[in-house]
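Q: Please go through the sheet and the salt bridges, and set each label against its definition.

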Amino acid sequence: AYIDRCMSIVNAFADKHSEHSVIRGTGWYPAAFTADPNGMPTRHDIDRFISDKPVMLRAFDGHSILVNTKALELAGVDENTPTPKGGEMPREENGHPTGLFAEMPGIDFITESVPGGDYTVEELKEGLMDFQNDYALPNGVVTVFDALMFPNSLQAYLQLAQDERFKLKVNASLYADPRKGMEQFEAMIADKDK
């Protein structure tokens, strides 16, 4: 099954990097489950592989994240937790969340609720440099588009550019948090020249 193939990669990483208190990843395809008789994956699919530490796996398109039971426990999420406004949090028959969160309010809710749930600026810088040096430049890619640049991502790009280590040109869409008001746009405009 597709989820087993994904989880074998995640599990191999977790085994190799036992120092990580949270296992995070990106890249699974929600559309791969369209024809799956079991439907979308759940926390139980991850729990079969890793249950002793939180696992948080973002979909490749940025519209959903799948977490295991440990992540839900650390976040204090259970059957009594209301669905984040503007987000999605499917539930099991008993009302307990399945571990799938969709759209940015749902994703933000879980990543902000789990300690270490999101990438740090330093982790993002390391990933960007790996992408640049191992994939982009060797294959002639010199410009990229980041469709959803979060504050930590922006800081990572800016720091690498200031250090003159990042050679790619980046076009990006800054993240507008749907939970915040219009003042966030004024702050983005004010920060554009920094």
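A: The model is predicted, so local features need pLDDT of at least 70 and side-chain atom pairs count only at pLDDT 80 or more, while totals for chains, interfaces and linings use all residues. Residues are numbered from 1 along each chain as its sequence is written, and side-chain values use heavy atoms, without hydrogens and water.

Q: What makes β1 and β4 edge strands?
A: The open sheet has four strands in the order β1-β2-β3-β4, with mixed pairing. β1 (23-28) and β4 (100-102) each pair on one side only. Strands here are DSSP runs of E with at least two residues, helices are runs of H or I with at least four, and both are numbered from the N terminus.

Q: What makes β2 and β3 a pair, and in which direction do they run?
A: Three bridges join β2 to β3, and the strands run antiparallel. Met-56 has Val-67 as its bridge partner in β3. The hairpin of β2 and β3 has four residues between the strands, and Gly-62 there takes a positive phi near 80°.

Q: Why is β2 called largely enclosed?
A: Buried means under 20% relative accessible area, exposed means over 50%, and partly exposed lies in between (1.4 Å probe, protein chains only). Five of the five residues of β2 are buried, so the strand is largely enclosed by the rest of the structure. Both faces are covered: Val-55, Leu-57 and Ala-59 are buried on one side, Met-56 and Arg-58 on the other.

Q: Which helix lies across β2, β3 and β4?
A: Helix α4 (residues 103-113) lies across β2, β3 (64-67) and β4, running at about 130° to β4. Such angles run from 0 to 180 degrees between N-to-C directions, with axes fitted to C-alpha atoms, for helices over the stretch in contact (heavy atoms within 4.5 Å).

Q: Why is the pair of Arg-24 and Glu-123 called a salt bridge?
A: A salt bridge needs a side-chain nitrogen of Lys or Arg within 4 Å of a carboxyl oxygen of Asp or Glu. The closest N and O atoms of Arg-24 and Glu-123 are 2.7 Å apart, so the pair qualifies. The pair links distant parts of the chain, with Arg-24 in strand β1 and Glu-123 in helix α5 (residues 121-136), 99 residues apart. Arg-24 is buried at 16% relative accessible area, whereas Glu-123 is partly exposed at 29%.

Q: How do you know whether Lys-125 and Glu-122 are buried or exposed?
A: Lys-125 has 10% relative accessibility and counts as buried. Glu-122 has a relative accessible area of 53% and is exposed. Their closest N and O atoms are 3.3 Å apart in a salt bridge.

Q: Which residues are linked with Arg-179 in a network of salt bridges?
A: Asp-108, Glu-112 and Asp-177 are linked with Arg-179 in the network. Arg-179 and Asp-177 meet at 2.8 Å, N to O. Asp-177 is buried at 6%, and Arg-179 is partly exposed at 42%. The structure holds nine salt bridges.

Methods. Pairing = 2+ DSSP bridges.
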